[in-house]
Amino acid sequence: MGAEQKFLVCWCACVCVCAQKRLWEGTEVGTNLADGASDNKVDHVHDTMQATDAPPSPPAKDQTQRFAFDERIWEATNVEINLVEDAPPIRDKEADEADHVLDTMQTQDFPPPSTAKDQFQEELVIKPLHSGDIYASFQFRTQWDTDFLEKHKFSHYRLFPKSLGQVISKFSVRELHISFTQGYWRTMQWGQPFLPSPPGAELWVWFQDTVTDVDLAWKELTNVLSGIFCASLNFIDSTNTVQPSASFKPLGVGNVTDQRFLRYAVLPREIVCTENLTPWKKLLPCGSKAGLAVLMKSEKLFHSSFHSQALHIRPVCKDWQCKSTSWELRQTLNVVFDLHTSGQGKREWSLFKMFSRTLTEACPLASSSKVYVDITDNPQGELFELSPATPLVSQAVVLGDGRTYSVYDLTDHATFGQTHSLNVLLRWRAAESGEMLRPLLHGERYVAGYGLQTGEIHTLVYNNHPYRAFPVLLLDTVPWYLRLYIHTLTVTSKGRDNKPSYIHYQPSKDRLQPHLLEMLIQLPPNSVTEVTVQFERALLKWTEYTPDPNHGFYVGSSVISALVPSVVAMDTNNTQERPLFSSFFPCKEESTYFMRIYTEPLLVNLPTPDFSMPYNVICLTCTVVAVGYGSLYNLLTRTFQVEEPSQGLAKRLANIIRRLRGVPLLT
Amino acid sequence: MGTAGVSASCINMASCSSLKILTLLSLFLSPTIVETNNIEAKAGQFFSSGHTNNWAVLVCTSRFWFNYRHVANTLSVYRSVKRLGIPDSHIVLMLADDMACNHRNPKPATVFSHKNMELNVYGDDVEVDYRGYEVTVENFLRVLTGRLPPSTPRSKRLLSDDRSNILIYLTGHGGNGFLKFQDSEEISNVELADAFEQMWTKRRYNELLFIIDTCQGASMYERFYSPNIMALASSQVGEDSLSHQPDLAIGVHLMDRYTFYLLEFLEDIHPSSTTNMKDLFKVCPKSQCVSTPGHRTDLFLRDPGSVLITDFFGSVRKVEITTDTINLTAPMVHLEDTRPVRELRTEIQTYMDQLPVAEIIHQKPKQKDWHPPDGFILGLWTLILLVFFKTYGIKHLKHIF
């Protein structure tokens, strides 16, 4: 076994080196992005974990096929960095790494790769933002070749969390996306996040087409998830659930989509705190004991401008042919730290400063564990200085733009150096970082109008591209207690009417379902498109008010899905290995990339009765005064007289006749 | 005997105390039978307290930032019971507001019980089961009586049985005979007493310890009538419960007096402590509390002096050790996967187009109501016209129009 592996690894290294040679003959890949030939490829550092990927059992023919393919897609490069003088020659480096892989495989007692069909990857991306904040994005991916939907099959869970596996099989889930976010992502200051999420909790689920009662399954699923994540997801009911007709297409593989099996809900009020993070961390194979997850101290993570944790389950391609699928669980955690203000104006950060911990090891169960630092704006090191220096550099196409990253491979012991700990430190040289490019797409929303009866929702969508128009799909969910006047809906851009090419509107039903408005709008280049719609505020029944009604009522974020023109060509091959942060949204065309952004949630005041005690006391005393004092006053001031009993009808008629006849009247 | 108890406590911390008590008792009663019935006595004392599992329902009923102290109260009890061994799955924690991640909290993700940020009772692995708007009188009573919707997850249920010792801790703003929930509704002492009676008839508890920290707290347990309930309150009827530990950095009072001293008392308890309920009654005398803490034991059948603190605040498992070898003769039969493997899908799967513009534009609006097919309607009209002309002919047309 050992010998076989060694042979395999060496052979693999050879193949890789060959691949590199071929590539180097073609282009000299530097850190310069403008090198046209390398633009359309995701060049990233070749990690030799390929060797663990390739099980030793399959026949050699398969192997060659696979490697031939790998050779095509990987384009593995080990870019030489000028910063490091004593970088070893490439061939040696490769061999070293290969040896190292061998070491890890021998020392850690993994089960044989043929039986374990699951793997786990972890990575942390750190991006210094132009505003001076630091964006840290954790991604953990567990992949498992299993079939949850065969309910009678006995499954032994290894890396995949059992609680989620059971949820998938019980409710026949096809895809599940859940996010908990505290704070609002400021696109204009921070650029685009790797994975967008709205403030509060968001849940959208695609069910398998075998589910007969989708609403029931959805209801039970939200209850179960509320238990798993300690969140109030059980507040998701028919009044805030919608079934979008065009948005939220499945992110995983699958050839059929019927929007009947989609459910989407947002709870904008949901608070996110340690109690949500605790169960989220428990789903990781290493928990918070080892690997990147040791950095997740809630006291630090929540002391931030933005905190978002998410979980995505979807089927993905098992191999490059994509004939069969495996399940992917992706756990992401995005934080923006405002170190500029807390650091007494010094622009300097380190892992220890951010998380009050340093890294000492990779998660032993992880097949890859990496830390990426974005150094795109700093090619020659004039802006900031990164220490310890790393020889590994990776390039990836993220959100339509080519980025360069310094990579720290935690599975390599050399990364930790003499101190056996890794504390990435970034010291700024320049006082100001350069101007940030304006994000191409940006959305805003607010409520206009005064008083407590009517109002107007304004949604602004910015297209900052100088010469290209692109389509966006806007999805608005408005609760029933804001009655939309849909005839007042206007869409204008550049002062002219912009007729949406597709409108789907589902009116609300009181206490049953919310408004759903979906519009496909073409955004002209360099423009602001404004969508306005008027509404009336409904009166609630007094038990329907929340305990703090004067706080106001939330309306969830609008969702803007767009196909944005990309600066560099996107990689349409969705099956190949890429860094996790650049491989979430599948890409179909080279010239555009898919992006989803969320606007601010709205806080709307509804006409609220005064529930306070003084008010009730006043009401009560007024009643007592009116009834008690009023009747007494009445008694005292009124004069009473004895009323003459009135005559009967018959007698009166008789008297009229008697008067006519001239005879005496009856008394 | 004492040494035996200590050595036993190496394996099982808690049995030590009950062992001592029982052996003492047996010494008094029948000193001669001790040796002969030693094993039976040992076996019997495992169940001397009568419970096999522990549960805790901890409720903070107050909303808004200035009620920080009520959340800290509840969390400090949570911290203690968790430290003494009740797992999160056996604790139903209800917090009416989020103080830890409140925007006014200068130190997010913390809730402090002591001044100068000394003790963070929120911890790093808290699990809150009911929070925010979920904390209502209805939900509280449903948790107690177990009448929850069928899809409620286990973590939100009180799955106790007739061998469970339950600790119920309430804190919030109250008055004579009621406790307010979220400033918008209240639970009365009669409702609470009836809920406990329902729990008793449903055999949902073995013994119940009720603690309440609120103004006029003693009024809340006056109406209890179900057996095996011991109750404590922070103040008598007509008294206010007072706050403690004002903190300048956080800007509010951190704790209430009674729970503050209760926490100090509980911090000294460890799983093998022999401290009993009599000691708990002495917590926070009037000199410290300003109010007079009250207790009620007439419904409780055991002597409070023999009831350990850990009977309610901890989950102490009784472990019996055997030296005999046990053979597991029937190993698990590995089930072979005999069912046919599903044939490999031949078609190539692809990722979906995330924004299929052309497809969206040409999406047909769905016909909601059923409509008869056009051909049918056309045929019907033809038939009607045919019958008309057959009957009247063309010449009668002028009579109609």
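How many salt bridges does a search of the whole structure find over all chains? Before the count, one caution: this is a predicted model. The search gives 32 salt bridges over all chains. As background, side chains of opposite charge can pair when their charged atoms come close.

Take one pair inside chain A. Arg158(A) and Asp118(A) meet through their side chains in a salt bridge, at 3.2 Å from N to O. Arg158(A) sits in the loop between strand S2 (134–144) and H6 of chain A, while Asp118(A) belongs to strand S1 (residues 118–128) of chain A, so this pair ties together parts that are 40 residues apart in sequence.

Now the interface. The size of an interface is often given as the accessible area lost when the parts come together. For chain A and chain B, about 5,100 Å² is buried between them, and 55% of that is on carbon and sulfur atoms. Chain A brings 63 residues to the contact and chain B brings 48 residues.

Between chain A and chain B there are five salt bridges. One pairing to look at is Arg131(B) with Glu270(A), a salt bridge whose closest N and O atoms are 2.5 Å apart.

Which parts of chain A each supply at least two residues of the side that touches chain B? They include helix H8 (214–229), helix H9 (274–282) and strand S7 (306–317) of chain A. H9(A) gives the most to that side, with six residues. By class, the side of chain A that touches chain B has 23 nonpolar, 23 polar and 17 charged residues.

Next, helix packing, one pair in each chain. In chain A, the axes of helix H6 (residues 162–171) and H8(A) come within 11 Å and cross at roughly 175°. H6(A) and H8(A) are therefore roughly antiparallel to each other. On the H6(A) side, the residues in contact include Leu164(A), Val167(A) and Phe171(A); on the H8(A) side, they include Leu221(A), Val224(A) and Ile228(A). The contact of H6(A) with H8(A) has seven nonpolar, one polar and two charged residues.

In chain B, helix H5 (residues 137–145) packs with helix H6 (residues 189–201) at an angle of about 25°, their axes 9 Å apart. That angle makes H5(B) roughly parallel to H6(B). Among the residues that meet are Phe140(B) and Leu144(B) in H5(B), and Leu192(B), Phe196(B) and Met199(B) in H6(B). This contact has seven nonpolar residues, two polar and no charged.

Last, the backbone. Most residues other than glycine have a negative phi, and most peptide bonds are trans. Where does the model depart from that? The peptide bond from Ser387(A) to Pro388(A) is cis, with omega near -5°. Pro388(A) lies in the loop between strand S11 (384–387) and strand S12 (392–398) of chain A. In chain B, Phe64(B) is not a glycine, yet has a positive phi of about 80°. Phe64(B) is in the loop between strand S1 (53–60) and helix H4 (68–83) of chain B.

That is the end of my part.

Conventions: Residues numbered from 1 in each chain as written. Chains lettered and ligands numbered in written order. Predicted model: local features only at pLDDT ≥ 70, side-chain atom pairs only at ≥ 80, totals over all residues. Heavy atoms only, no water. Axes fitted to C-alpha atoms, helices over the stretch in contact; angles between N-to-C directions. Helix = DSSP H or I, 4+ residues; strand = E, 2+ residues; numbered from the N terminus. Parallel < 35°, antiparallel > 145°, perpendicular 65-115°, else oblique. Contact = heavy atoms within 4.5 Å. Nonpolar A, V, L, I, M, F, W, Y, C, P; charged D, E, K, R; others polar. Buried area = accessible area lost by both parts, 1.4 Å probe. Salt bridge = Lys/Arg side-chain N within 4 Å of Asp/Glu carboxyl O.
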